[in-house]
Amino acid sequence: MSDYYKTYDLKHVINASGKMTILGVSKVPEVAIAAQQFGDTHFFEIKDLVDKTGAYIAKKLGTEGAVVVNSASAGIAEAVAGIIGQGSKYHAYHPFSPRFTKREIILPKGQNVDYGTPEEVMIELGGGQVVEAGYANMCTPKHIEMMITEQTAAIFYVKSHHAVQKSMLTIPEALEVAHKHDLPLILDAAAEEDLKKYVNLGVDVVLFSGAKAIEGPASGLVFGKEPYIGWTKLQSLGIGRAMKIGKENILGFTTALIHYLDNGPESGDAMKARLHPFVAALNEVPHLNVKEVQDGAGRPIFRAAVTVEATSPKNAKQVTAALKAGDPAIYTREYRANEGIIEFDIRAVDQAEMDLIVTRLKEILA
């Protein structure tokens, strides 16, 4: 077997950051790799493949429709475009035509986040015009409602640890406002773990990354109610052509999803059991104060939160830079490094890698 690290002079990576696009997101299970290989070596009527895998997924999730796209970001753009065009083939060919004036997409200000690109970039790519509701530290149902005009096409909600959590309306509250005004709710739940939860809530359009919790190949899933999913699929004639997904990844994702629904992610209890000795070992490293924390968006994901003490010869930003500079490069969650806090996500980290992280930290802070 080829050693591609050696062939292309690449660093090995220990991913203690989480399901991050910059690191390739996830390790794909063998059953999904086998499905990709089948897709790579066979031909299909692509429309038939898209329609029937979508119908299969929709039945498994208990929803009206589903379509596999090439990423959650593509799903945002295509779903927004679909809602603006409402099934018009003219719109699919002319997505930015002034004929279509109902383009406003209302988004809580604290959810217009950059997850690698800003939410508004993908919304605008789909022809939407972002209207921010509320404030950076607060958005209520009233704040959403006061922004609705005759030009409003949809309400948009982001369920993510990146988004502001405090004083934020809930998904059911956003859904109530949307449906009160006969508008769809689009939910960006890219990194979430429970797909059926949002079907049961009655969300109109749900967006998931195929490569994060589900651990599929590069892909995304748009699912929910009709006619919105059909309108999204129509975008393959327009902007979706630049975002098309290959047959191998459609089959790989669909297989990974079924594997995920059957087996689920690592449980919170199992994660904590692996995390406890790691936290104890990290607490033995000079200048570090370590505790277990839960994911900020409430998912059953537990991490080691490392506070770099003021007495340390290196601050948190210098520590993360030193970790990444080695080979293997060790990537962490750096969102709070400016506060002196580094988080380690162990979902893709084994015991040998945890031991190596502890050793490297001892070297860096010696």
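**Entry 1: second largest pocket.** I noted that the lining of the second largest pocket has nine nonpolar, four polar and six charged residues. The model is predicted, local features need pLDDT of at least 70, side-chain atom pairs count only at pLDDT 80 or more, and totals for linings use all residues. Residues are numbered from 1 along each chain, and side-chain values use heavy atoms, without hydrogens and water. A pocket here is an open set of points on a 1 Å grid where a 1.4 Å probe fits, with protein on both sides within 12 Å along at least five of seven lines, and lining residues have an atom within 4 Å of a point. I recorded a volume of about 490 Å³ for this second pocket, and Ile46, Lys47, Val50, Lys233 and Ser236 lie nearest its centre. Helix H3 (46-61) is among the elements that supply at least two lining residues; H3 gives four, the largest share.

**Entry 2: largest pocket.** I found about 780 Å³ of space in the largest pocket. Its lining counts 41 residues, with Lys19, Met20, Thr21, Tyr115 and Lys212 nearest the centre. By class, I listed 16 nonpolar, 15 polar and 10 charged residues.

**Entry 3: serine 209.** I located serine 209 in strand E7 (residues 205-209). Serine 209 has a relative accessible area of 9%, and I call it buried because that term means under 20%. Its side chain reaches the backbone nitrogen of alanine 211 at 3.1 Å. A polar atom of that side chain also lies 3.4 Å from the backbone nitrogen of lysine 212.

Methods
Points joined across faces, edges and corners; volume = space filled by probe spheres on them. Nonpolar A, V, L, I, M, F, W, Y, C, P; charged D, E, K, R; others polar. Buried < 20%, exposed > 50% of the residue type's maximum accessible area, 1.4 Å probe, protein only. Polar contact = N/O pair within 3.5 Å; in protein donor to acceptor, adjacent residues only side chain to side chain.
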